[in-house]
Amino acid sequence: VQWKDARYPLDSITRVRWGGVRHSLNGVPTGTEYTMAFGDNRSEAVVQTKKEAVFSAFTDKLWKSVCIRLMTDILRALRDGKKFALGDGVVDDSGITLMERHTFSADIPVYCSWSEVNIGSADGSFIVGKKGARETNARASYINDANTHLFENLIRINFKGSAPRLSDAIKGN
């Protein structure tokens with residue numbers, strides 16, 4: 001992928017992020033600004049456009065050429081014991097550390113297995129929350145946090161199969 005003076009071989013890309021922000025003035029829509037970013041371990045390129053067709057074509061090609069590989073790489077790393085930040089949470093193969101939020105005291109980290117959480121999205125963020133504990137969650141921005149779209153897909157795949165570990169999606173590999 002090439003943007004301005006930077007070139008990123010597909011196999012060097014380790015992070016992606018994208019999203020759109022709708023703008024309005026006095027309640028009247030004035031357009032949407034789309035952001036797409038990709039990078040390797042050293043740098044990142046950020047592309048912004050107001051053209052939805054460009055955004056859709058680019059993210060579709062990025063998904064097919066980079067994101068499938070990245071998800072497989074993430075699953076293998078999780079299987080090998082690596083942990084990843086997901087917004088203000090920390091993902092490992094068996095679950096996620098969420099934050100129990102407090103108004104007048106420090107937030108407390110709470111570890112939950114995958115069977116103990118719900119997932120959803122709101123206000124441009126992917127949200128993982130502890131079942132029955134509304135104030136215990138992790139939020140990751142789709143547009144600002146690296147690989148949020150990838151982790152959402154991996155977690156959703158896990159929920160369909162009810163596997164205890166995310167890496168169970170690549171058994172035998």
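This is a predicted model: local features need pLDDT of at least 70, side-chain atom pairs count only at pLDDT 80 or more; totals for chains, interfaces and linings use all residues.
Local features were considered at pLDDT of at least 70 and side-chain atom pairs at pLDDT 80 or more, whereas totals for chains, interfaces and linings use all residues. Residues are numbered from 1 along each chain as its sequence is written, and side-chain values use heavy atoms, with hydrogens and water left out.

The protein chain contains two helices and twelve strands. Helices (H or I, at least four residues) and strands (E, at least two) are DSSP runs, numbered from the N terminus. In order from the N terminus, the elements run β-β-β-β-β-α-β-β-β-β-β-β-β-α. The radius of gyration of the protein chain is 17 Å, close to the 16 Å that the globule rule gives for 173 residues, so the chain is as compact as a globular protein of that length. This radius is taken over C-alpha atoms, and the globule rule is 2.2 Å times the number of residues to the power 0.38. The C-alpha trace spans about 50 × 40 × 30 Å along its principal axes.

Of the 173 residues in the protein chain, 39% are buried. Buried means under 20% relative accessible area, exposed over 50%, and partly exposed in between (1.4 Å probe, protein chains only). The accessible surface of the protein chain comes to about 10100 Å², and carbon and sulfur atoms contribute 50% of this area. Accessible areas come from the Shrake-Rupley method with a 1.4 Å probe; for residues, only the protein chains shown count as cover. Among contacts in the protein chain with a separation of 6 or more, 46% are between residues 24 or more positions apart; a contact means heavy atoms within 4.5 Å. The protein chain carries 24 positive and 20 negative side chains, and the centres of the two sets lie 4 Å apart. Lys and Arg count as positive and Asp and Glu as negative, while His and the chain ends are not counted. Each charge is placed at NZ of Lys, CZ of Arg, CG of Asp or CD of Glu.

Strand pairing was examined next. Two strands pair if DSSP finds at least two bridges between them. Strand β3 (residues 15–25) and strand β4 (residues 28–39) are antiparallel and share eleven bridges. V16 has F38 in β4 as its bridge partner, and L25 stands opposite V28 in β4. The hairpin of β3 and β4 has two residues between the strands. N26 lies in the loop between β3 and β4 and has a positive phi of about 55 degrees although it is not a glycine. With a relative accessibility of 78%, N26 is exposed.

Strand β4 also pairs with strand β5 (residues 44–49), in the antiparallel sense and over six bridges. Within this pairing, A37 stands opposite V46 in β5. The hairpin that joins β4 to β5 runs through four residues.

Strand β10 (residues 117–122) is likewise antiparallel to β11, with six bridges. The hairpin formed by β10 and β11 has two residues between the strands, and D123 in the turn has a positive phi of about 50 degrees. A122 stands opposite S125 in β11. S125 belongs to strand β11 (residues 125–130) and is buried at 9% relative accessible area. Beyond residues up to four places away in sequence, S125 touches G120, R139, A140, S141 and Y142.

N147, in the loop between β12 (136–141) and α2 (148–161), has a positive phi near 65 degrees and is not a glycine. N147 is buried, with 9% relative accessibility.

A77 is in helix α1 (residues 52–79) and is buried, with a relative accessible area of 17%. Apart from neighbours within four places in sequence, A77 is in contact with K82 and F84. The C-alpha atoms of A77 and D92 are 9.3 Å apart, and these residues are 15 residues apart along the chain.

V1 lies in the segment before β1 (2–3) and is partly exposed at 29% relative accessibility. Not counting residues up to four places away in sequence, V1 touches A6, R7, Y8, L10, I13, F38 and F58. From V1 to I13, twelve residues apart in sequence, the C-alpha to C-alpha distance is 9.0 Å.
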